[in-house]
Amino acid sequence: MSAAMDGSILRVRGLRAQYGNTKVLHGIDFDVGKGGITTILGANGAGKTTTLRAMCGMVATQGEVLLDGERIDGKATESIVRMGVAHVPDGRGTFLNFTVEENLRIGAYTRKDREQVQADYERIYAYFPRLRERRRQQAGTLSGGEQQMLAVSRALMLKPRLLLLDEPSFGLAPLIVQELFEIFRTINKSDGVSMLLVEQNAALALRLADHAYLLETGRVVISGTAESIRSDESVRRSYLGY
Amino acid sequence: MELELLLRQILSGLATGGIYASMALALVMIYQATHLVNFAQGEMAMFATYLAWTLMQAGVPYWGAFFITVAIAFIGGVVIERVIIQPVENAPILSVVIVFIGLLVIFNSLAGWIYTYTIKPFPSPFPSQPLFGNSYVGSHELGSMGVTLVVLLLVFGFFRFTPLGLAMRAAAQNAVSSRLVGVRVGWMLALGWGLASAIGAIAGIMVAPIVFLEPNMMGGILLYAFAGALLGGIDNPGGAVLGGFIVGVLENVVGLYLGSEVKLTVALVIIVGVLVVRPSGLFGKVHVARV
């Protein structure tokens, strides 16, 4: 038992997943430290999105997934979400026919602390002033960047312990990406929300995360602190391409 | 005199239109969640109306029977979704349609078997004298219009302002995202069925004094409701309700000028016309796919 494992909010051991007959994950292990940010890197088809989906019961899996020591593998998605795991999915999962405000309201659906919810709307609007301006607008009319902000905001309204982020930089202009990642850092520091971040943009992810795992066709090939991976030139060249 | 006759037809059209609007709303609620029209909606309403009649025969006062029936219809709708619809959720469209038609036949013949096909009178809770001394519209028509409006307002308020209503809309719109915010999607769909069934029961009870109680009483009404829903836009609850009212008025006005034989034709002309000219209806969303 290493110290890192004791302080894990998420602990995954021997995770396997398949779609039909196609095996996607071949038994992977990783941890997310309490209050930490772990990133999973890898090329297209490495199994990153599947890994995130497996965390909240969206794909059938074998192996152990523990949230704060409690087994969550095999549970229904909505039950895992109710335990405080928020997922910003691939494709953002916005309710396009809802207004911005309704998207935030539905994000807080499981919460009972109404006064705190009211305060959280204000906090979110402070992070993303653009959303406040557009709060009565249909979410489907927002730009890509605004929709990503909305997806993150909706997830935050759950008041999660663990935030799962699936390629939040995808399709966004570099400046917006910078802004978004700055806010991830703030949320992580000030609210203590742990994060599991899946990214194709390795340079970006390694600056935010404390730990990193490199996934290649469903296996972890390299893991370590973000610092060590960032500074290992051969890893950077051969796997991360920058 | 001519004008007075027209006004009378319009008012009574609004009254029956309210019934169509309620049924149209029930259809739209199921449609939004499943993208299918529940053909059994009318027969479920008819069966609930028989239930109300049975309760009244047993001596339960009118409004007592009304609310008990609505409650039973709600629970019945939830149970039907959980037990019959949920297992075929991912089945091909045709299988689900067959299940709907099966439900229709089951409820129809069950009612015939228990209550026979003899037409029965059904009481109205409203006085037989016209209200406010007017000569244009009967008090039952006025009363049922009032009940319909209250029901529609309650339903819209529920969906617009309550967290549960929001969650039900979310579940119908995007099941995956709904699960990701903790909404129990399966139960939301069941609640939708319960609500649709309860609304149908109210429509059945309100229309029964006009069309009389018999196992086929809702057949034509469901057709008008379907026409209304299509006219307004089958994916737009507000539009469907408005469509129901329009069909009610149109049916009566056409009946006045062309004879009541063509009334049902109106519904069919509207259905075919909308499907040919504007499949999304007056207020429905035109679906455009990005390629």
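This is a predicted model: local features need pLDDT of at least 70, side-chain atom pairs count only at pLDDT 80 or more; totals for chains, interfaces and linings use all residues.
Local features need pLDDT of at least 70, side-chain atom pairs count only at pLDDT 80 or more, totals for chains, interfaces and linings use all residues, and side-chain values use heavy atoms, with hydrogens and water left out.

**Stop 1: chain A as a cartoon**

Select chain A. Eleven helices and ten strands make up its secondary structure. These are DSSP runs numbered from the N terminus: helices are H or I with at least four residues, strands E with at least two. The radius of gyration is 17 Å, close to the 18 Å from the globule rule for 242 residues, so chain A is as compact as a globular protein of that length. That radius is taken over C-alpha atoms, and the rule is 2.2 Å times the number of residues to the power 0.38. Along the principal axes, the C-alpha trace spans about 45 × 40 × 35 Å.

**Stop 2: chain A by burial**

Colour by relative accessible area. Of the 242 residues, 53% count as buried. Buried means under 20%, exposed over 50%, partly exposed in between (1.4 Å probe, protein chains only).

**Stop 3: across the chains**

The criterion is a side-chain nitrogen of Lys or Arg within 4 Å of a carboxyl oxygen of Asp or Glu. Select B:Arg179 and A:Glu78; their side chains form one at 3.9 Å, N to O. The pair crosses between chains, from helix H7 (residues 175-180) of chain B to helix H3 (residues 77-82) of chain A. B:Arg179 is partly exposed at 29% relative accessible area, whereas A:Glu78 is buried at 11%.

**Stop 4: a network in chain A**

Which residues are linked in a network of salt bridges? Select A:Arg111, A:Asp113, A:Asp120, A:Arg123, A:Lys159 and A:Asp191.

Zoom to A:Asp120 and A:Arg111. Their closest N and O atoms are 2.8 Å apart. Both residues are buried.

Move to A:Asp113 and A:Lys159, a salt bridge at 3.7 Å, N to O. This pair links distant parts of the chain, 46 residues apart. A:Asp113 sits in the loop between helix H4 (100-107) and helix H5 (114-127), and A:Lys159 in the loop between helix H7 (144-156) and strand S7 (162-166). A:Asp113 is partly exposed at 29% relative accessibility. A:Lys159 is also partly exposed, at 47%.

Conventions:
Residues are numbered from 1 along each chain as its sequence is written. Chains are lettered from A and ligands numbered from 1 in the order in which they are written.
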